[in-house]
Amino acid sequence: MPLLEVKNLRTYFHTRNGVVRAVDGVSFEIEKGQTLGIVGESGSGKSVTCYSMLGLIPQPPGRIESGEAIFDGVDLLKAKPAELRQIRGKRIAMIFQDPMTSLNPYMRVEDQLIEPLLIHQKIERKRAVELGVQALQDVGIQDAANRIRSYPHEFSGGMRQRVMIAMALITKPDLLIADEPTTALDVTVQAQIIELVKRMQAERGMAVIWISHDLGVVAGLCQRVNVMYAGRVVESGPTASIFRTPQHPYNRALQKSIPALQPKGAELYTIAGMPPDVSKPFVGCPFAPRCEFAQEVCRGPVELKPGDSGQATACVRVQNGELKL
Amino acid sequence: MTQTPSMTDATIAANTAEPGASLWHDAWLRLRKNKLAVFGGGALIVITLFCLVGPWFSPYTYEQQDFAQYAKAPSAKHWFGTDKLGRDQMTRLMHGGRISLGVGICATLVSLTIGVLYGAMAGFFGGKTDAAMMRIVDILYALPFTVFVILLMVVFGQKIVLLFVAIGAVEWLTMARIVRGQVQSLRKQEFIEAALALGLSQRRIILRHMIPNVLGPVAVYTTLTIPAVMLLEAFLSFLGLGVQPPMSSWGTMIKDGAELMEEFPWLLMIPAAFFSLTLFSLNFLGDGLRDALDVRTSKD
């Protein structure tokens, strides 16, 4: 049984300008100890997918229209708030994009760090502080016993992200959701943070969902990858085949637009056009208007279906075997 | 009963901070370094002690009239002079201070507690809850204050306590609006989202994460509320709804003094000096508190 199984998740935002279909029928699963990457451009619904599972979508305007997210036998989407709080922060932890704003500026790191322990495990404060110091050491913060008494502003960005990771991992969760945790950090710090998460994962055997638009990071870290576009998963499969044998035209275009893989001096490849306005209803493939292979058949309904190359693709023409690499 | 604003804030601290209360300890250390704030706090302590303890050592009472000593200038016998009924002005000033400071503290406490909690809740929950809660505030805002107070007095009788309640009941509205606005902008900050993701209860988030973050503006507004409340008291007393003669308050003394300032200037100047000194001290202290409560301003 997978650790987390998401089925047909739809999260819509009911705004004044219409219904924004931020997540429109997303399904995936993740096994214990596995790393799943979710890639896609801004606004493709990566974060909203994860926020929905944790009940962090502001409602209204957000509404989870349908779907299930079964975590260890509990449907997160139908769980009561109190029930969800028992899972959030204890069994599923999350780290955020911007470490500069993810810590409360008015609380010492100590108090924030041990908060999950105090509320979830009801242990004594003194013992919690010891565990907090230990957790800071584990994420590579030197002189942790003193640093734990500092305020967030006394840490650098990379250090704060370490604190966030320590805080997320302090309750030994089964699943860590990392929402673009390295986007706000510079490259050397990025590498350290990725190594850190890898190491923690190896030590504790937790599953990780890594949300990113950095394909390189995902390629190096994840076992499976979901490629999202306009609120849907357009391709899903093992990392190697997603990157080596992209099937969906969107994924192909994505791979082609990685600057590092293009010859020096050549004009950078871009995908023409803009992502669709997800507040306007449409049937068929959301990528069709920008797709060089689009045909009449692409206007019809399309579903994610497993293909022969080991990955599932939501492209009618690929499924019909019309598009070969 | 001495450091008015820090006392009022301490009540929030009791709600928000758990053992350790490091924010308050740090704030205290920083506050001590601020000379103006220390001066303000010191002056408030002295004034309060003067008003509280003073009357016990005074040979006069606030209502004792001596027509032989009609409107005398300050002298060895009457340090602050006498008013036109021959009452000792220093004793009246002390008694008046008790009322004025008492109103200031009580009404501010009421407004602080209700306003901060109400505003934080409205701002945090947002949506329809927020709309409903803030419409109530708007309605209360629209009630003419004087009518409201008269109504209270008519229904419950004329008691000083009611004066405190009435003023507090009006002053919390602005506090609620300020806190709500602050909380609304905080609500969208990532660390609140992070706190939710950690499985914290809403109650805990409001008390532990939201309120400490809004203390800066709250501290400043509190120190502005106290003088405003003291002025309101003077206004109500003038209408005959507040403190009744022969009792005195600083507000009534200033008002009476103002009528006679050309002949007997000390009747205005002395209470006015006390009033101003109190307000200045409160402002210094409030300013210092705001800086002290902002952990990012000073690095030590």
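This is a predicted model: local features need pLDDT of at least 70, side-chain atom pairs count only at pLDDT 80 or more; totals for chains, interfaces and linings use all residues.
Let's start with the overall build of chain A. Twelve helices and twelve strands make up its secondary structure. Its radius of gyration is 21 Å, close to the 20 Å that the globule rule gives for 325 residues, so chain A is as compact as a globular protein of that length. If you like to think in boxes, the C-alpha atoms of chain A fill one of roughly 65 × 50 × 40 Å along the principal axes. Buried residues account for 47% of the 325 residues in chain A. Contacts that span the sequence are worth a look too: among those in chain A between residues at least 6 apart, 64% join residues at least 24 apart.

Now to the sheets. One of them is an open sheet of four strands in chain A, ordered β2-β1-β4-β5, with antiparallel pairing. At its edges sit β2 (18-30) and β5 (74-75) of chain A, each of which pairs on one side only. Strand β1 (residues 4-15) of chain A runs antiparallel to β2(A), and ten bridges link the two. To find this pairing on your screen, pick His14(A), whose bridge partner in β2(A) is Val19(A).

Another open sheet in chain A has eight strands in the order β6-β7-β8-β3-β9-β10-β12-β11, and its pairing is mixed.

Six of its six residues are buried, so β8(A) is largely enclosed by the rest of the structure. In a regular strand the side chains alternate between the two faces of the sheet. In β8(A), Ala207(A), Ile209(A) and Ile211(A) point one way, while Val208(A), Trp210(A) and Ser212(A) point the other way, and all are buried.

What flanks this strand? Strand β7 (residues 175-179) of chain A pairs with β8(A) in the parallel sense over five bridges, and Ala178(A) has Trp210(A) as its bridge partner in β8(A). Strand β3 (residues 35-39) of chain A also pairs with β8(A) in the parallel sense, over five bridges. There, Val39(A) is bridged to Ser212(A) of β8(A). Val39(A) also has a bridge partner in β9(A), namely Val227(A). That bridge belongs to the pairing of β3(A) with β9(A), which run parallel and are joined by four bridges.

β9(A) and β10(A) pair in the antiparallel sense over six bridges, with Met228(A) opposite Val233(A) in β10(A). The two strands form a hairpin with two residues between them, where Ala230(A) takes a positive phi near 50 degrees. β10(A) is mostly covered, with six of its seven residues buried. β10(A) also pairs with strand β12 (residues 312-313) of chain A, antiparallel and over two bridges; here Ser236(A) stands opposite Ala312(A).

In α11 (residues 249-256) of chain A, the buried residues are Pro249(A), Tyr250(A), Asn251(A), Arg252(A) and Leu254(A). Their cover includes α9 (215-221), β9 (224-229), β10 (232-238) and α10 (239-244) of chain A.

Two packed helices are described by the angle between their axes and the distance between the axes. For α9(B) and helix α10 (residues 250-259) of chain B, the angle is about 60 degrees and the axes are 7 Å apart. Their crossing is right-handed. Residues making this contact include Met230(B), Leu231(B) and Phe238(B) of α9(B), with Trp250(B) and Ile254(B) among those of α10(B). By class, the contact has six nonpolar, three polar and two charged residues.

Finally, the two chains meet. Their contact takes 19 residues from chain B and 24 residues from chain A. On the chain B side, the elements that give two or more residues are α2 (22-33), α8 (190-197) and α9 (202-238). The largest share of that side, six residues, comes from α8(B). The chain B residues that touch chain A divide into nine nonpolar, seven polar and three charged.

Note on methods:
Residues are numbered from 1 along each chain as its sequence is written. Chains are lettered from A and ligands numbered from 1 in the order in which they are written. A residue is buried if 20 or more other C-beta atoms lie within 10 Å of its own, exposed if 12 or fewer, and partly exposed in between; C-beta atoms are placed from the backbone. Two residues are in contact if their C-beta atoms, placed from the backbone, lie within 7 Å. Ala, Val, Leu, Ile, Met, Phe, Trp, Tyr, Cys and Pro count as nonpolar, Asp, Glu, Lys and Arg as charged, and the others, Gly among them, as polar. Two strands pair if DSSP finds at least two bridges between them. The radius of gyration is taken over C-alpha atoms; the globule rule is 2.2 Å times the number of residues to the power 0.38. Axes are lines fitted to C-alpha atoms, for helices over the stretch in contact, and angles run from 0 to 180 degrees between N-to-C directions. A crossing is left-handed if the near helix is turned anticlockwise from the far one by less than a right angle, and right-handed if clockwise.
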